[in-house]
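These are my notebook entries on a structure that I looked through element by element. I began with the surroundings of a ligand and then turned to the strands and the backbone.

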Amino acid sequence: MPPISTHPDSVPVVSYRFGKGATSIERYLELEGYEAAKKALTMTPDAIIGEVKASNLRGRGGAGFPTGLKWSFVPKQSAKPKYVLVNGDESEPATCKDRLIFEQDPHAVIEGVIIAALSIQARMGFIYLRGEYRYLLKIMEKAVDEAYAKGFLGKNIFGSGIDFDVVTQTGAGAYEVGEESALMESLEGKRGIPRIRPPFPAVVGLYGGPTIINNAETIATVPHIFRIGAAEYAKIGTERNGGTRLFCLSGHLERPGVYELPMGYNLKKMIYEVGGGIPNGKKLKAVVPGGSSTPVLTADEIDIGMDFDQVGKAGSMLGSGGVVVLDETVCMVEFALRTMKFYRHESCGWCIPCREGTDWLEKSLTRVHNGGGVDKDIDNIRYLAENMLGRTFCPLGDAAAMPTIAFVQKFRKEFEDHLEGRGCPKHRVQEPVGV
Ligand SMILES: Cc1cc2nc3c(=O)[nH]c(=O)nc-3n(C[C@H](O)[C@H](O)[C@H](O)COP(=O)(O)O)c2cc1C
Ligand code: SF4
């Protein structure tokens, strides 16, 4: 992949240093690196949180929770140590942006961790990378070593009298450990299954201490907010959605890639102008707007701004920023099946509606797709998915159910065609798809 794909509407904030050799600390310093951390060291914790709140930054991990507000939930006094934890698990299908941050600008992650730590008076931070991103560990470890050598980490950082350490870690490769509480379990060396909440991580998190956990893009954005100013950053986006977002455009597009665009950017424009439209004169059928767990939009539903509120209003979610474009040749039953195969495989198996539900959904979708389906399968698929919603221990169950409901609701005719024609009309070979 190129360091970043660009378009005249691109606004390089997070990607400001991409492709400029900023993996070296010397180059990072030339590009205004660690200035934000130095500035934060002159501020009170409340002032730091105030700046992040004023930026209207919302979490880039999926749910879009306001970052400054999350930090403000951490109690000021705590008998246990406080921690900052970077979620670099990036396992949502169609999402490949955090990886670019680690590859291109690892010091921005470290600097963001330092600022987050100052806001809650934490003395230790962790950067957790997904198992399959083991190659990025080398880049991150080198950057951490460089920061220690400069005195930006360790004892008396920047000569401030404050001590702060950073540890890097990879998972073993599981979607579920992207979920924040499962990630903490995994980091503590246990099986990656979620924890009961409340209490939330801000109060009882890693090793039982108050913990800020944020997505890698969220954390890497923080130094840029201090660099350009919270008000300027907020202005780039829409009312309650500050700044930019790294959108990962994939699927049937002339120019797929990761583009940094303002929050609220029109989805139709993103597909037809930024992504160059659909190749080979084909028509658009559907768009998954924010990673595989977000409900699909039809071609008629794409004239919307890509921020958390507008996509929510359109019945889907902005999620992780993974935009998947599907042309008219795609079989939506097959697409639903491939999606469910992923969730069935990645279900941690701890609670029944998700463990059994994803398995039954995969079986039913396979049957319909392969031509062995019966009439009631379509309603059963929807009924099963609806009964998983809100009844699972963590949101992975919802992540599997929500897109399935939308596939059946919006593309029911395709499911019916599979029953009537006894098999996928788009694939002559009646084989199960995927592994
Ligand atoms: C099954 C599942 C997988 C998740 N995977 C990720 C992930 O890979 N990266 C991530 O940042 N957040 C992921 N999340 C969301 C995290 O639980 C958490 O909300 C996020 O790290 C908070 O950071 P933010 O406020 O900066 O978005 C996942 C959630 C669920 C339920
Ligand atoms: S919903 Fe239940 S089974 Fe599925 S991943 Fe979460 S805890 Fe595990």
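**Entry 1: the shell around ligand 1.** I asked which element supplies the largest share of the shell around ligand 1. In this predicted model, strand S4, residues 211-215, gives that share, with three residues. I then listed the residues around the ligand, 20 in number, and noted those that come nearest: Gly61, Lys70, Asn214, Asn215 and Thr218. I sorted the shell by class and recorded nine polar, seven charged and four nonpolar residues.

**Entry 2: polar contacts of ligand 1.** I looked up the distances to oxygen atoms of ligand 1. For Lys70, a polar side-chain atom lies 2.8 Å from such an oxygen. For Glu90, I found a backbone N or O atom at 3.1 Å from an oxygen atom of the ligand. Ser91 also places a backbone N or O atom by a ligand oxygen, here at 3.2 Å. I next checked the cover: ligand 1 taken alone exposes 610 Å², and the protein buries 89% of that. I also asked what kind of space ligand 1 takes, and found that this space is the largest pocket.

Entry 3: I repeated the search for the second ligand.

**Entry 4: a sheet.** I traced an open sheet of five strands, in the order S6-S5-S11-S8-S9, and noted that the pairing is mixed. Which strands stand at the edge? I found strand S6 (257-262) and strand S9 (297-298) there, each pairing on one side only. I looked up the partner of Leu284 and found Asp327 in S11.

**Entry 5: backbone points.** I searched the backbone for exceptions, given that most residues other than glycine have a negative phi, and most peptide bonds are trans. The peptide bond from Arg197 to Pro198 is cis, with omega near -5°. The next bond, from Pro198 to Pro199, is also cis, and its omega is near 0°. Where does Pro198 lie? I placed Pro198 in the loop between helix H8 (180-187) and S4, and Pro199 in the loop between H8 and S4 as well. I note that S4 is the strand with the largest share of the shell around ligand 1. Gln121, a residue other than glycine, has a positive phi, near 60°. I found Gln121 in the loop between helix H6 (106-120) and strand S2 (124-129).

Methods: Residues numbered from 1 in each chain as written. Chains lettered and ligands numbered in written order. Predicted model: local features only at pLDDT ≥ 70, side-chain atom pairs only at ≥ 80, totals over all residues. Heavy atoms only, no water. Near = heavy atom within 4 Å. Polar contact = N/O pair within 3.5 Å; in protein donor to acceptor, adjacent residues only side chain to side chain. Areas by Shrake-Rupley, 256 points an atom, 1.4 Å probe, with all protein chains shown as cover. 1 Å grid on protein atoms, 1.4 Å probe; cavity = no way out; pocket = protein on both sides within 12 Å on 5 of 7 lines; lining within 4 Å. Sits in = over half its atoms within 2 Å of the grid points. Helix = DSSP H or I, 4+ residues; strand = E, 2+ residues; numbered from the N terminus. Nonpolar A, V, L, I, M, F, W, Y, C, P; charged D, E, K, R; others polar. Pairing = 2+ DSSP bridges.
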